[in-house]
Amino acid sequence: MSLSLAVSQAAGADKTAPQVPFSAAQIVDKNVTARGGLQTWRSVQTMSLEGKLGAGGNQRAALPVPAPNTKSARLITPRRPAEEVQLPFRMELKRPRKMRFELQFNGQTALQIYDGSNGWKLRPYLNRREVEPYTSDEMKIASMQADLDGPLVDYAAKGTKVELDGTEKVEGHDTYKLKLTMKDGQAIHVWIDAKTFLEAKIEGQPRRLDGVYHPVEVYFRDYRTVAGLQIPYVLETHVLPVGKTATGLRDTPVPEEKIMVDKVVVNPQLADTLFAKPDANGGAAGK
């Protein structure tokens with residue numbers, strides 16, 4: 001924009017800045033239409049997704065550490081394992097805002113379950129074989145997760161305010177940047193592709209690493225049609241670096257995390273017991 005202004009002034013042009021052709025509400029309407037339509041999404045009560053989640057890789061640069069009994073010599077810590085493992089997962093969603101996530105790791109099943117009000121987790125890969133409740137931070141994140149149709153479908157009914165926050169390039173594509181303010185006051189940004197009107201990127205929940213919170217962005221790619229809906233089959237999470245960690249050391253880049261969806265089923269039969277507190281074997285514990 002600065003370069004355009006300079007060129008315009010140098011040429012003596014008397015032109016106003018280009019105007020965005022759509023309002024925030026119109027962009028949302030076009031997004032919902034591009035994704036399959038409002039009525040089609042309203043008819044979706046459940047959804048299941050299966051695929052693979054990249055985990056275990058760590059290509060963060062090792063930080064230099066002062067060598068013992070020296071002032072200037074530096075010792076580089078060993079490089080962390082960088083091989084990424086593709087772990088099978090299954091995620092089941094049910095209105096209103098229920099979620100069950102199963103991850104297979106070394107022959108064991110890890111669980112995360114949210115029933116819309118309470119959350120539980122089972123992590124046998126950490127030798128934690130008892131069902132644990134979500135922490136306060138995990139509950140905050142879960143309570144802010146959008147329903148299975150995302151944050152833009154029926155946004156007004158959800159108490160969300162949407163504003164146009166300009167335009168930006170995302171991976172070489174023109175996008176509209178929308179600011180969403182939830183009914184609890186929390187705000188996130190969503191980038192809508194100016195050509196397809198599908199989500200290109202969304203601002204995720206900040207992640208705490210090395211004592212500080214890092215901004216998070218999730219990219220949506222490889223949209224496919226499932227039961228008349230446009231579903232992204234690749235989701236790539238970027239944890240953005242900050243200037244320094246809580247210890248004052250220089251922050252190091254975090255590798256991208258990729259989810260690759262293999263199968264999506266719309267409106268499968270999902271019993272409410274799937275979203276109840278599990279027992280140590282993964283089944284419903286009962287009440």
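## Charges over rings

K30 sits over the face of F197, with 5.5 Å to the ring centre. A second contact of this kind involves K201, which lies over the face of W191 at 4.1 Å from the ring centre. The model is a predicted one.

## Aromatic pairs and the F22–Y176 contact

A pair of aromatic rings is described by the distance of the centres and the angle of the planes. Five aromatic pairs are counted in this model. In one of them, the ring centres of F22 and Y176 are 6.3 Å apart and the planes stand at 85 degrees; planes over 60 degrees apart count as edge-to-face, so this pair is edge-to-face.

F22 belongs to the loop between α1 (2-10) and α2 (24-34), and Y176 to strand β10 (residues 173-181), so the pair ties together parts 154 residues apart in sequence. F22 is partly exposed, at a relative accessible area of 25%. Y176 has 7% relative accessibility and counts as buried.

## The Y114–Y134 contact

The rings of Y114 and Y134 have centres 6.5 Å apart and planes at 5 degrees; planes under 30 degrees apart count as stacked, so the pair is stacked. Y114 is in strand β6 (residues 108-114), while Y134 is in the loop between β8 (128-133) and α4 (136-144). The two are 20 residues apart, and the pair links distant parts of the chain. Both Y114 and Y134 are buried.

## Aromatic cluster

F22, Y176 and F197 make up one aromatic cluster.

Definitions and conventions:
Residues are numbered from 1 along each chain as its sequence is written. This is a predicted model: local features need pLDDT of at least 70, side-chain atom pairs count only at pLDDT 80 or more; totals for chains, interfaces and linings use all residues. Side-chain values use heavy atoms; hydrogens and water are left out. Rings of Phe, Tyr and Trp (its six-membered ring) pair if their centres lie within 6.5 Å; planes under 30 degrees apart count as stacked, over 60 as edge-to-face and the rest as tilted. Helices (H or I, at least four residues) and strands (E, at least two) are DSSP runs, numbered from the N terminus. Buried means under 20% relative accessible area, exposed over 50%, partly exposed in between (1.4 Å probe, protein chains only). A charge sits over a ring if NZ of Lys or CZ of Arg is within 6 Å of the ring centre and within 35 degrees of the ring normal.
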